[in-house]
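This report describes a protein model through its pocket, its charged side chains and a few individual residues. Please read it alongside the sequence and the coordinates.

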Amino acid sequence: MTVYIDPPIWPGHGRLWSHLVSDVSYEELHAFAAGIGCPPRAFDGDHYDVPSTLYDAAVEAGAVPVGSKELLGHLTNAGLRRRKR
């Protein structure tokens, strides 16, 4: 059971963002996100959009930093990837 986070390199709304995913379940992901202060509205189908201001808190709480491609691989291999319509 691991939660992964990619670097805050994704621009949007005047900020940089990371993606936070679980390799086990959405329940684990929701609990972890709540624990670092990430609001439920940040959930985007299969991941959380995490502002750069919460990146360090996520890593300190146990999220494993990985590159974006590796993060996507973990999400896909866990069977939790949901494609956008």
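## Terms and basis of the model

A residue is called buried when its relative accessible area is under 20%, exposed when that area is over 50%, and partly exposed in between, with a 1.4 Å probe and protein chains only. By this rule histidine 13 is exposed, with a relative accessible area of 81%.

The model is predicted, so that local features need pLDDT of at least 70 and side-chain atom pairs count only at pLDDT 80 or more, while totals for chains, interfaces and linings use all residues. Residues are numbered from 1 along each chain as its sequence is written, and side-chain values use heavy atoms, with hydrogens and water left out.

Histidine 13 is found in the loop between strand 2 and strand 3 (15–22), where helices (H or I, at least four residues) and strands (E, at least two) are DSSP runs numbered from the N terminus. Although histidine 13 is not a glycine, its phi is positive, at about 55°.

Proline 11 belongs to strand 2 and counts as exposed, with 69% relative accessibility. From proline 11 to glycine 45 the separation is 34 residues in sequence and 19 Å in space, taken from C-alpha to C-alpha.

## The largest pocket

The largest pocket holds about 200 Å³ of space. A pocket here is an open set of points on a 1 Å grid over the protein atoms alone, where a 1.4 Å probe fits and protein lies on both sides within 12 Å along at least five of seven lines; lining residues have an atom within 4 Å of a point. The volume is the space filled by probe spheres set on the points, which are joined across faces, edges and corners.

Among the residues that line this pocket are Asp6, Trp10, His19, Asp46 and Arg81. Helix 3 (residues 68–77) supplies the largest share of the lining, four residues. By class, the lining comprises four nonpolar, three polar and four charged residues, with Ala, Val, Leu, Ile, Met, Phe, Trp, Tyr, Cys and Pro taken as nonpolar, Asp, Glu, Lys and Arg as charged, and the others, Gly among them, as polar.

## The salt bridge

Side chains of opposite charge can pair when their charged atoms come close. With a salt bridge defined as a side-chain nitrogen of Lys or Arg within 4 Å of a carboxyl oxygen of Asp or Glu, the count comes to one. Aspartate 46 and arginine 81 form a salt bridge, with their closest N and O atoms 3.1 Å apart. Aspartate 46 lies in the loop between helix 1 (26–35) and strand 4 (48–51) and arginine 81 in the segment after helix 3, so the pair ties together parts that are 35 residues apart in sequence.

Aspartate 46 is buried, at 2% relative accessible area, whereas arginine 81 is partly exposed, at 33%.

Aspartate 6, in the loop between strand 1 (3–5) and strand 2 (10–12), is buried yet has no salt bridge, and the nearest side chain of opposite charge, that of arginine 81, is 10 Å away. The side chain of aspartate 6 does reach the backbone nitrogen of histidine 19, at 2.6 Å.

Histidine 19 is placed in strand 3 and counts as buried, at 17% relative accessibility. Its side chain makes a polar contact with the side chain of tryptophan 10 at 3.4 Å, a polar contact being a pair of N or O atoms within 3.5 Å; within protein, one must be able to donate a hydrogen and the other to accept it, and residues adjacent in sequence count only if both atoms are side-chain atoms.

Note on methods:
Lys and Arg count as positive and Asp and Glu as negative; His and the chain ends are not counted.
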